[in-house]
Amino acid sequence: MDSPPMDTPPMDTPPMDTPHVPLLDVQDLTVEFATRRGPVRAVRRVSLSIARGETLGVVGESGSGKSVTSYAVMRILDRAGRIAEGSIAFSGVPLRELGEGEMQDIRGREISMIFQNPRAALNPIRTVGRQIADVLLRHGQATRANARAKAIEALEQVRIARAAERYDAYPFELSGGMCQRIVIALALACRPRLLIADEPTTGLDVTTQKAVMDLVSELTRARGMSTLLITHDLGLAAAYCDRVVVMQQGEVVESAASHSIFRAPQHAYTRRLMRATPRPGARLRDLLPEGGAVPEPVATAPAAAPDAPPLLEVSSLVKEYPRAGAAGLLTRWLKRGAPPAPFRAVDGISFTIRRGESLGLVGESGCGKSTTSMMLMRLLDPSSGSIRFLGQEIGAMPARGFAASPLRRRIQMVFQDPTDSLNPRLTAARAIADPILRMGEARGAALRARIDELADLVGLPRALLHRFPHQLSGGQKARVGIARAIALNPDLVILDEPTAALDVSVQAVVLNLLQDLKLRLGMSYLFVSHDLHVVRLLCDRVIVMRQGRIVEEGSAEQVLEAPRADYTRELIAAIPHPPI
Amino acid sequence: MAETPALPAEAPSPLAALLRHARHVVAGNPVTALAFLLFLLLLLCAVLGPVLAPHDPLASDTTRALAAPSARHPFGTDHLGRDILSRVVVAARLDMGIAIFSVALVFLLGGLAGVAAGFFGGWTDRIVGRLADTIMAFPLFVLAMGIVAALGNTVTNIVIATAIVNFPLYARIARAEAAVRREAGYVQAARLTGNGEIRVLLTTILPNILPIMAVQMSLTMGYAILNAAGLSFIGLGVKPPTPEWGIMVAEGASYIVSGEWWVALFPGLALMLAVFTFNLLGDGLRDIVDPQRRS
C-alpha cells in the first residue's frame, strides 16, 4: 500500500517568513492500526506545518484520517494504532522520541486540545468553576487563595455571562455552547502555544457555532497562538483558517491558502467537496459531481389542485411538560402554592401541507421541531390542538394505539441518526420488510421482489441486503432507513434531519434521491432541519420555529433572500459558507 | 417472529452463520474454547451419567467403606462403601438440572418483568421494583432456606427457591437495559412500522438485551449450583442416598479430620469445576450472541 507520488505542488512553505522554524512540523507521517485483517494504514505520508500565530484547517470527510493525524501529534492514539513512519517536530523538539512523561508535560501546557462533544469532556459531578480552578492550581497558575477569582476571570474571558454565579454550575445545567466555552477556557488556561480543535462545533447550533468560533479565533489571535482546526465543514474552514489542508483516505490531496483554495481548487476531490456543499444559489442537481450520470427526468406526479383539502392540517398544536417540582401531589399539598406554569415545548403552532408539497421546518435545538414531528408521527400525545391527516383527526388518537390504525402506514418517518434507527439485530432486508410484514400484504416471493425493488429505488446494492447495520456505511444505512419509510407508499414522510450524520458528498446524493423519490411517488415531505441552505434545496415552503412558536413562514426563496424576522436573519448570517 | 427466516434467498442460513461466527470467537479466545469443552464434559456426565459410571452409585459395600483412591475406585469410597467417582458423575444430572431449570425460570420471570418495568415505566416499574427490593431485603441464602422449608423438601422447590432468590438480579438488569433502549431510534422506528407496544417489547427490545442476559445467565448458573448444593449441605432439599454434590460434601466433611479427605474433596472439586465453567462461559457467550462482533 505504497502511496502514489502526490500530484500537488510542494506545500507548506509559508509565503514570506521562511527563516522561521514552523511551530509544528509534521513530515511523512504514517499511522497504522492493527486489525483482524492485518495492519491498516489510516494516515499515509502526511506532511503539514503550522507557523506561529497561524490557523490551519484540516478538512476531509469521515475516514479521511484527519482526527488520527491530530491524535498522532498528541501521541494519544489508541492501543491498536502506532506511528509507523515520519517525524513530528514541535518548535524543533521531535515529539516521536519523547518519553511518555515528557509528552505529558507538553500536553496541556504546550499543546491542548478541544473535542467534539463538550459535555463528555467535562466532569459531570464537579462544578465548572472548580474544574477550571483545578487546572490552574495543577499548573501553578493560581494559588489556593486566588484560584476562585482566577477561574471566574477565565470564565469571563470566554464570555460566560454572570461568571461568578456560573462558577458553581454543573455541566448539565449549562447549554452545549456554554459547555464548549468552558472546555475552551480549560484548554487555554495554561496558555498553550498550539490549540488543536477537533470538530469543536459539530453538534452545536449555527448561531452558537459562530459565537464559539469567533471566540476561539479572537482569543488565539490575542495570545499569538496557533490553531489546528479539524472539520468536515468547508464553510467553517474558509471562514476561520489562514491555510487549508484537504485530506482524502489518509492522504493530503491539496494544501493552500484558504482564499485561493476556495477560488481555484486544484484537486478533483476538493472540487467535488466544494460542489457537494450546500451554498446560496446552488440547486439540488448542482451538488452532484460533474460529469456523473444525470438522473433521468422523472415523470412528475400531478400536483394537487390548489383548492383540494390539505393533506395535513395542524392547528394550535401545544405540547406542555410539567416543570420540575410540580410532580408529586404531596409536594404540591405541602407547599400550598400554585404549581409552576408548565413548560411549553410547542406553543400553539398551525400550518398545512398540501399533497405533493415539501415543507421545511427549521430551527435550532430546543425550538420544538423534534417534539412537533414526534406528535405528527403519533409517537407523542399533544397537550391540545388538532392534527388532521387525510381529513381525519389523528391528534386525538392515543399514540400507544396508533400502531393498529389504518393511517399508520400512510405517515412515515426517516430518522436523524441512521445507525441508531436500525435494529442492530435485523439485516437490511429484514428492516425494510418490517413495515410490509406488519401492515402490508406481500409475503414470500412477492415480499422478496418488493424488497429488491425498494433497494433499487433507493440505490442500495442488492448484495448488501443480508448485511447487519454495523456492516454498512453511513450512507447505506440512510438508504435502508429511507427504503423502510417508503415501503408502503406513504402519503407523508417526515424527514428528521436525515442527512445530519452524513458526509457532504453522501448528503448531496441522499438529498437528490429524496427529491427523485418524491417526484416519482408523489409523496409529501416535512423536512425538519437546522440548516436553511439544506432545507431550501428540497422544500417549496419553509417554517422557522423558535421557542415553540413559528416566527416566520413563507416560500423558501423569500425566507432565505428576504427574511422578515430578525431571528431568521441571524440564523442565515451564522451559516458559514465557502466564498464562491 | 415466525416470518423471520423466509427472507433473502442469497443469505447464508442463520445457523451456519452462527456456527461460523462461534468458531471465529472460539479461535480468538482459547479460554472460551476451554470453557466450552468443560461444559460439554459436564453435559455428557449429566446426560449419560448412569452409563458412564463404573459402579452403581447407590450400591453400598461396607467391607470397602472409606477406601482410599485406588485403581478400582479412582476417587475412593465413602462411609457406606459407595464408589465416589460414580456418585460424582451421576450427581451431575441433578445439580445441572436444578441449575438450568432455575435459571431458565428466573430468566423468563425476572427478564420479562424487568423488561416490562423498564419499557412501560409507571406502575409496572413500581411494582416490579418494590418486589425486587423486598427480596433483596433478606439474606439470599436464608431466604432460599425459608422457601424450601416452607414449601416442602423437594427438588422442584429448590428450583423455585433458587429462581426467586435470583429474581432481583435479572429484573434489575433487564429493567436498566430496556429503559435505555425505550426511546432509541430503532424502537421508535419499530412503532412506526406498525408494531404494537407488546410486540415492540418482545421482538425489538428483548432480543437486543439478550447478550447481556446471556452473560448473566451463565454467571448465575454457577451460583444456582452452589445454592442447590448449599441447601443440600445443610439438610434441605435433596435427601440421601440420592447422589448430589452438596450432600456428598456434607457427608464427607466429618471425615476430613480423621484423614479420609477424598470423601469431601472430589464432589467439592466437581462443584468448583462446574461454577468455574459457567463463569468462563459467560464471556464467550456474550461474544457469540452479540451481532456487533459478527463480520
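Which residues does G196(B) touch, not counting residues up to four places away in sequence? In this predicted model, G196(B) is in contact with A403(A) and A404(A), once residues up to four places away in sequence are left aside. The glycine is placed in the loop of chain B that runs between α7 (185–192) and α8 (197–233). A separation of 42 residues in sequence lies between G196(B) and V238(B), and their C-alpha atoms are 45 Å apart in space.

The contact between the two chains, considered as a whole, draws 34 residues from chain A and 28 residues from chain B. On the side of chain A that touches chain B, the elements giving two or more residues are β16 (411–414), α14 (428–439) and α15 (444–458) of chain A. Of these, α14(A) gives the most, with eight residues. The composition of this side of chain A, taken by class, is 15 nonpolar, eight polar and 11 charged residues.

The confidence values attached to the prediction bear on how these features are read. For the model, an ipTM of 0.74 and a pTM of 0.77 are given. Chain B has a mean pLDDT of 82, with 93% of its residues at 70 or more. Over residues 1–11 of chain B, however, pLDDT stays under 50, and for this segment the model has 15 contacts beyond four places in sequence. Where pLDDT is low, the predicted coordinates should not be read in detail.

Chain A contains 20 helices and 20 strands, and of its 580 residues 45% are buried. Among the contacts in chain A that link residues at least 6 apart in sequence, 69% are between residues at least 24 apart.

Within chain A, strand β9 (residues 243–248) is largely enclosed by the rest of the structure, because six of its six residues are buried. In a regular strand the side chains alternate between the two faces of the sheet. For β9(A), both faces are covered, with R243(A), V245(A) and M247(A) buried on one side and V244(A), V246(A) and Q248(A) buried on the other. Strand β3 (residues 55–59) of chain A pairs with β9(A) in the parallel sense over four bridges, and in this pairing G57(A) stands opposite V244(A). Strand β10 (residues 251–257) of chain A runs antiparallel to β9(A) and is joined to it by six bridges, with Q248(A) standing opposite E251(A). The strands β9(A) and β10(A) form a hairpin that has two residues between them, and in the turn Q249(A) has a positive phi of about 45°.

A further arrangement in chain A is an open sheet of four strands in the order β12-β11-β14-β15, in which the pairing is antiparallel. Its edge strands are β12 (343–353) and β15 (392–393) of chain A, each of which pairs on one side only. Strand β11 (residues 312–321) of chain A is joined to β12(A) by eight bridges, and these two strands run antiparallel. Across this pairing, K319(A) stands opposite V346(A) in β12(A).

Note on methods. Residues numbered from 1 in each chain as written. Chains lettered and ligands numbered in written order. Predicted model: local features only at pLDDT ≥ 70, side-chain atom pairs only at ≥ 80, totals over all residues. pLDDT = per-residue confidence, 0-100. Contact = placed C-beta atoms within 7 Å. Nonpolar A, V, L, I, M, F, W, Y, C, P; charged D, E, K, R; others polar. Buried ≥ 20, exposed ≤ 12 C-beta atoms within 10 Å, placed from the backbone. Pairing = 2+ DSSP bridges.
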